[in-house]
Amino acid sequence: MSQKILIVEDDPAIVVSLEFLMGQHGYDVRVAQNGEDGENLAREFRPDLILLDVNLPLKSGFEICQQLRSEPDFDRTYILLLTAKGREVDIEKGTALGADAYVTKPFSTRELIPQVQRLLTEPRSPS
Amino acid sequence: MRFQRLTGMSLTGGLVLNYPVISVFSHLDFSGTFPPLYLFLFGVWGVLIGLTAFLMERHGRVAAPPEDGS
Amino acid sequence: MMANAWLLLTAFVYLALLFGIAYRTDRFRESGKSWINNANVYSLSLAVYCTAWTFYGSVGLAASQGFMFLPIYLGPTLLALLWSGVLRKIIRIAKRYALTSLADFLSVRYGNATFLGGLVTFVAFVGILPYISLQIKAIGFGFELLVEAPDQLSTGSTSDSTTFFVTLVLVAFTILFGVRHLDATERHEGMVAAIAFESLIKLVAFLACGVFVVYGVYNGFADLFQKASAFPELAQLWTLGHDGEYEEWFFLNLLAMLAILLLPRQFQVAVVENVNERHVDRASWLFPLYLLLINIFVLPIALAGRLEFPDGQIDADTFMLTLPVHLENGWIAWLVFLGGLSAATSMIVVESVALSNMICNSLVMPILIRIPFVNLKEGKGLNRVLLFIRRASVALVLFTSYAYFQTVSSAYSLVSIGLISFLAVAQFAPALLGGLYWRNGNRTGALLGLSTGFAVWAYTLPFGQMIQAGWFEASLLTEGPGGIDWLRPIALFGFEGAKPIVQATFWSLLLNTLAYVGGSLLTTPSRLERQQARLFVGAMSFSEHSNSLQTWQGTATPIQLQRLLERFLGKDHTRQALARYATSHHTSFADLLAADVAEAGLIQHTEKLLSGSIGSVSARIMVASVVEEEPLGMDAVMDLLDATQQAIAYGQQLEEKSKELQKVTDDLQSANLRLQELDRLKDDFISTITHELRTPLTSIRAFSEILHDTPGLPEEKQREFLGIIIKESERLTRLIGQILDFEKLESGKMDWNPQPLELQALCEDALASLGQLLRDQQIRVETHFPETAVQVEGDYDRLLQVLLNLLSNAVKFCPKQAGRIEVSVKRLEEHAEIRVKDNGIGIPEKERNAVFEKFRQVQSTNEGKPAGTGLGLSISKNIVEHHGGTIGVAPGSEYGAIFFFTIPLLPETPALPNLQGGYVPEDPDR
């Protein structure tokens with residue numbers, strides 16, 4: 001069975017592109033357009049990997065990340081933060097909150113896909 | 001002290017050598033050599049001079065250093 | 001009687017003898033010794049007080065008024081008792097400051113008061129003239145009496161030629177005697193020795209004459225008084241009490257007390273010529289003794305004269321001469337003539353020297369020294385100029401006295417003439433005694449007192465005499481000037497019945513003293529005056545031998561001082577004076593001059609030497625011209641105080657500065673906080689901008705790569721993806737445009753195109769351009785417009801931008817499917833107002849102003865994040881304000897947000913009442 005990826009992103013154009021890319025590479029993809037929806041969908045969908053935008057309406061990517069990491073159910077879930085804010089502090093903050101990777105917009109699809117594939121082929125040890 | 005005495009003498013002399021004291025001696029009659037006022041005026045005058053001389057010269061001999069050579 | 005030639009010869013031999021004594025004394029002094037440094041000589045020299053007035057006049061007065069001659073000698077005796085206090089104080093001060101005359105003394109006491117010194121000189125000069133004229137008269141009649149028969153000289157008047165000749169000889173004699181050369185210390189030892197000798201001659205002559213009369217003619221005093229007592233008019237001469245005599249007695253005592261201190265010649269011999277302060281003690285009894293002795297025979301001689309010349313044809317003033325002549329004793333007559341000559345010449349010489357000193361030092365020099373072109377500092381042979389001034393002064397004094405004698409005083413008795421002078425110099429008393437004992441006495445008081453006293457004196461005595469001499473209307477005396485009774489010179493202010501001298505003494509001294517005290521109390525003296533007052537009043541606390549002047553703090557070379565001295569003293573005298581100084585300081589003349597810098601003592605000595613020649617005030621100016629001085633007097637102390645005050649003031653300034661600094665620091669701190677805030681805002685802004693730019697860029701890049709990397713993508717997908725790329729590119733372009741707009745507005749580079757426009761049309765255009773979006777979002781739009789066009793002037797594009805910004809914000813915050821927007825236009829008094837109302841989440845009250853700040857974004861959003869750069873509202877605010885309007889968020893709406901902005905109306909637009917706009921659904925498609 002194919003691995004599951006959840007996309008939480010508010011910009012519709014980016015959502016379209018990510019959905020297309022992940023689907024093209026054979027992942028089972030679900031999409032949420034704001035923070036609250038994203039968190040709820042995550043519990044329901046149980047994705048293997050979440051592409052999480054930081055700057056989201058209603059609940060920020062950082063909050064969702066922190067929340068999910070505190071729940072044992074998501075021990076094995078990879079979280080990949082997407083942000084347009086490329087500052088060092090933001091990267092450090094995300095890593096400290098338990099994100100597995102941090103991707104700065106505008107990202108290259110030619111790098112994002114291998115990064116996702118690598119994460120999902122590695123055996124995930126509970127943190 | 002000396003100057004106070006001299007001041008006292010000067011004031012006393014001024015009083016004695018003026019009216020009304022001198023009017024006591026101002027009369028025409030006289031017995032002896034001099035008229036009374038003549039005797040009185042020169043007498044008081046002489047006494048004043050004598051007292052001053054006494055004060056000055058005694059003081060001079062006792063306290064003052066010898067005078068500069070002349 | 002005596003041959004004219006014999007008498008002349010005698011007189012000239014006698015004068016030559018005096019000159020010889022003086023000459024020998026001066027010579028003796030140059031060898032370093034002094035004949036006159038002796039208390040007895042000092043006392044005898046003081047007897048210069050006894051002039052022809054004493055010698056002839058006393059007898060003359062006694063012959064008519066008995067003992068009334070005596071107060072003139074009792075007064076000095078009473079004062080002499082106080083000399084060890086008063087006179088010694090004056091001497092100590094005079095030596096300390098090298099003061100050489102009364103004028104000098106008073107001008108220095110009252111703070112270098114040059115004018116006061118001049119006034120004193122003038123008063124002394126005018127006041128003494130009658131006195132000197134008296135001496136001329138006495139010598140003249142003495143001379144004529146012995147040449148011609150006494151009974152032919154009943155009036156004692158003399159011919160013009162004799163007195164003029166006498167005056168000429170006196171001028172020459174005085175100049176030879178007293179002004180032969182300039183003495184650096186203004187001391188004339190030769191002159192003093194000569195007048196001491198003359199005093200002896202006076203006394204011997206008077207006593208000889210008395211003894212001759214009392215014992216040669218009569219059988220002693222008893223016999224004389226007995227014979228006189230036979231005549232009631234003679235016997236009453238030894239009583240007092242007639243016709244206000246007691247009060248006159250008192251005033252004459254007072255006058256004589258003051259005169260012994262204040263007569264210029266007495267000041268000269270008692271103060272200036274004093275060698276040793278201690279001599280005063282001896283003099284305070286020896287001088288009164290001299291006075292007593294010379295007065296013993298006055299009344300007897302007067303009585304004898306009255307007895308011998310019962311018909312009253314002989315002037316009693318001449319009894320001293322006429323008696324021996326009448327009784328045919330030529331030797332006594334000759335002795336008396338010499339005594340009278342001594343009395344007159346000694347007075348004339350000393351008085352003239354004292355006056356010429358005052359005239360030169362206190363009148364002429366202060367003027368010369370202030371005239372720039374005279375330039376005394378550079379002048380050469382100044383000692384000759386000074387000598388000339390002094391000699392001319394002597395001639396002036398004597399010839400003026402002669403003129404006075406000729407015009408006024410020849411008709412008066414010797415004593416009545418002399419008393420005029422006594423009262424004149426008595427006017428110095430308040431200023432001098434006040435100056436010695438009253439610290440608050442000041443210059444104004446001294447000037448007021450002296451001028452007042454002098455004016456009263458001049459009016460009551462010389463003026464009164466001139467009236468009697470026929471110079472003015474006699475009615476001035478009997479009725480007063482202009483008929484004002486109380487202004488009569490002989491009964492001033494209604495003082496009736498007293499002799500002129502009594503009421504003149506009373507009024508002049510009273511008013512003088514009142515003016516002095518009043519003037520002193522009512523005015524504030526200068527710093528220098530206060531300093532001098534302190535030094536003079538406290539003079540007895542100085543050491544007797546410390547004769548230091550005010551200390552000089554500056555420097556000068558000995559050569560400079562020598563040159564200065566030479567200009568005033570001449571080469572020889574300067575050399576002598578400096579050599580003496582060198583000897584007394586155990587060094588040689590050459591070494592003294594070789595020093596690089598003159599010691600302070602030499603500078604002081606120079607000032608002292610100069611003081612003798614040109615007066616202390618002028619001397620100080622002269623020395624100061626050479627010495628580069630930094631005086632450490634009261635001035636310096638005051639300067640120090642000033643400096644302290646400046647320091648205090650400076651400290652206050654510093655305090656203010658530090659306060660200002662603190663304020664600036666506070667300002668800087670708050671500015672810094674503000675900058676930090678701005679920096680943070682800028683960071684956030686850049687972060688936001690970056691975010692906003694990166695978001696469309698991310699899509700564009702992602703789709704571009706997908707299109708490129710995915711071969712065989714269906715054409716439908718390709719078109720969709722390319723469409724997204726185009727849309728996001730447009731978004732990116734819009735963002736960049738906004739950023740550029742904002743930069744232009746901020747820096748004022750925006751191009752404005754103002755034009756008249758209609759607000760309704762503007763709103764329609766804006767809504768039309770947003771029509772597709774509104775339809776997509778299913779937002780209902782209401783408009784409320786006035787029926788008439790609302791005209792404003794503005795930039796169409798910019799105002800449209802504002803309106804679009806407000807509308808798109810409203811759209812953004814409106815709830816989906818249920819959004820409602822109201823747009824209204826209203827006329828206010830001078831502005832038009834446009835409102836945009838939505839039914840979104842609204843804006844919290846505290847953020848209603850903040851939303852217009854640049855870089856701000858409204859944070860809390862209900863649905864969907866705030867899109868945009870945070871620049872839209874800031875740009876709108878800027879545009880509206882540029883048009884002269886305001887923009888804001890209206891308060892108090894129960895739902896949604898109400899944004900409004902105003903634009904000034906065009907003037908010609910008629911102001912119509914507001915009309916309620918109808919409910920007009922904007923979108924007919926809905």
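Trainee: What percentage of the 127 residues of chain A count as buried?
Mentor: In this predicted model, 38% of them count as buried, meaning that 20 or more other C-beta atoms, placed from the backbone, lie within 10 Å of the residue's own.

Trainee: How should I read the labels and the confidence limits?
Mentor: Residues are numbered from 1 along each chain as its sequence is written, and chains are lettered from A and ligands numbered from 1 in the order in which they are written. Local features need pLDDT of at least 70 and side-chain atom pairs count only at pLDDT 80 or more, while totals for chains, interfaces and linings use all residues.

Trainee: Which pattern does chain A follow along the sequence?
Mentor: The order is β-α-β-α-β-α-β-α-β-α, from five helices and five strands. Helices (H or I, at least four residues) and strands (E, at least two) are DSSP runs, numbered from the N terminus.

Trainee: Turning to chain C, how many residues does the contact with chain A take from chain C?
Mentor: It takes 20 residues from chain C and 18 residues from chain A, a contact being two residues with C-beta atoms, placed from the backbone, within 7 Å. On the chain C side, α31 (634-709) and α32 (715-747) each give two or more residues; α31(C) gives the largest share, 14 residues.

Trainee: And how many from chain C where chain B is touched?
Mentor: That contact takes 35 residues from chain C and 35 residues from chain B. Among the elements of chain C giving two or more residues are α4 (71-80) and α14 (279-295), and α14(C) provides the largest share, seven residues.

Technical notes
A residue is buried if 20 or more other C-beta atoms lie within 10 Å of its own, exposed if 12 or fewer, and partly exposed in between; C-beta atoms are placed from the backbone.
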